[in-house]
Amino acid sequence: MAKARTLGELGRGETLPDRLPRSPVPIFRSWFDEAQQHKPQPNPNAMTLATIDPDGKPSARVVLCKGIAEDPGFLVFYTNYQGRKGRALDANPRAAVVFHWDHFDRQVRIEGPVTRSPESESDAYYHSRRWESRVGAWASDQSEPIESREALLNKVRHTAERLGVDLAAAVGGQPIEIDRPPHWGGYRLWLERVELWCGGIGRVHDRAGWSRTLTPAKDGFEPGPWSGTRLQP
Ligand SMILES: Cc1cc2nc3c(=O)[nH]c(=O)nc-3n(C[C@H](O)[C@H](O)[C@H](O)COP(=O)(O)O)c2cc1C
């Protein structure tokens, strides 16, 4: 975002509505969709996911957001349940994510509790993936040490053999059936707090945060009403 050359220029740029909407989700959704459509970066659905390890220390990594359910309000990402983030979420089932769309000068922060996706949903997504990714989900003990790159490649080859993958057919584009590993699937991050940020000239950015109460319910959480406020940048 540019420097201000005059006082009048301070804060110019995109802003949130003067009167904040009741819910931040439609704006978040429109920003996400705009980034997906314009693809100013190769993975506009990438988000930095922060979790808390069992020893209480924070850790963060990038994952892809594979779904947004506006109602009741959660994000979906897929991963290995037994890797470092999986173990962190077992111990502390809460997370924070950040999307940064640099090209649009926008940031979205989301925080809330995390639950595992229903098995049927994880199955459907797993089966939509390319065969290499499906083999990889079986082959990789995510976050565990391995002695060499070669050992990893051998592990992938042996796993493909063990699963009975016909490599010639797979490479030729024929459908390959592989069951989803039970240790791999989706998580839902429930929207409990959302912050929208857009960059303004002279660093007079526009920023607002919303939060709501989530009450545990049968399939996750029942959300209460949003309460939002503008925040100083
Ligand atoms: C652009 C990008 C997208 C990624 N997407 C995923 C993803 O959707 N799921 C995943 O498990 N790891 C993904 N990764 C790898 C993670 O950042 C991370 O290395 C891996 O999940 C292991 O993290 P952990 O040891 O904290 O569990 C992605 C990495 C990048 C750079």
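Lys39 sits in the loop that joins helix 1 to strand 1. Helices (H or I, at least four residues) and strands (E, at least two) are DSSP runs, numbered from the N terminus. The model is a predicted one: local features need pLDDT of at least 70, side-chain atom pairs count only at pLDDT 80 or more, and totals for chains, interfaces and linings use all residues. Residue numbers start from 1 along each chain as its sequence is written.

**Loops and backbone exceptions**

Most residues other than glycine have a negative phi, and most peptide bonds are trans. Lys39 is not a glycine, yet its phi is positive, about 45°. Asp105, in the loop between strand 5 and strand 6, also has a positive phi, near 55°. For burial, a residue is buried if 20 or more other C-beta atoms lie within 10 Å of its own, exposed if 12 or fewer, and partly exposed in between, with C-beta atoms placed from the backbone.

| Residue | Other C-beta atoms within 10 Å | Class |
|---|---|---|
| Lys39 | 11 | exposed |
| Pro54 | 11 | exposed |
| Asp105 | 15 | partly exposed |

The peptide bond from Asp71 to Pro72 is cis, and its omega is near 15°. Pro72 belongs to the loop between strand 3 (67-69) and strand 4.

Pro54 is found in the loop between strand 1 (46-52) and strand 2. Leaving out residues up to four places away in sequence, Pro54 touches Arg87, Ala88 and Ala91; contact here means that the C-beta atoms, placed from the backbone, lie within 7 Å. Pro233 is 179 residues from Pro54 in sequence, and their C-alpha atoms are 32 Å apart.

**Overall layout**

The protein contains six helices and twelve strands. Its C-alpha trace spans about 65 × 45 × 35 Å along the principal axes. Of its 233 residues, 25% count as buried. Taking contacts between residues at least 6 apart in sequence, 64% join residues at least 24 apart.

**Nonpolar core**

A nonpolar core is a set of buried Ala, Val, Leu, Ile, Met, Phe, Trp, Tyr and Cys residues joined through C-beta atoms within 7 Å. The largest one has 30 residues, of which Phe28, Leu75, Val97, Val108, Ile110, Leu189 and Val194 touch the most other members. Elements that give two or more residues to this core include helix 1 (25-38), strand 5 (94-101), strand 6 (106-116) and strand 8 (193-198). Helix 1 contributes the most to this core, five residues. Leu189 touches Phe74, Leu75, Ala95, Val97, Ile110, Gly112 and Val114, not counting residues up to four places away in sequence.

**Ligand shell**

Which residues come nearest to the ligand? Of the 16 around it, they are Thr79, Gly83, Arg84, Lys85 and Ser143; a residue is near if its C-beta atom, placed from the backbone, lies within 6 Å of the molecule. Strand 2 (58-64), strand 4 (74-80) and helix 2 (84-91) are the elements that give two or more residues to this shell. The largest share, five residues, comes from strand 2. By class, the shell has six nonpolar, seven polar and three charged residues. In this scheme Ala, Val, Leu, Ile, Met, Phe, Trp, Tyr, Cys and Pro count as nonpolar, Asp, Glu, Lys and Arg as charged, and the others, Gly among them, as polar.

**Helices 4 and 5**

In helix 4 (residues 131-139), the buried residues are Trp131, Arg134, Val135, Ala137 and Ala139. They pack against helix 3 (119-128), helix 5 (149-162), helix 6 (167-171) and strand 7 (184-190).

Of the 14 residues of helix 5, the number buried is one, so this helix lies largely in the open. At 1.5 Å a residue it should span 20 Å, and its end C-alpha atoms are 20 Å apart, which agrees; the expected span is 1.5 Å times one less than the number of residues. Gly164, which follows helix 5, has a positive phi near 75°.

**A hairpin**

Strand 10 (residues 214-217) and strand 11 (residues 220-223) pair in the antiparallel sense over four bridges, where pairing requires that DSSP finds at least two bridges between the strands. The two strands form a hairpin with two residues between them. Leu214 has Pro223 of strand 11 as its bridge partner.

Conventions: Two residues are in contact if their C-beta atoms, placed from the backbone, lie within 7 Å.
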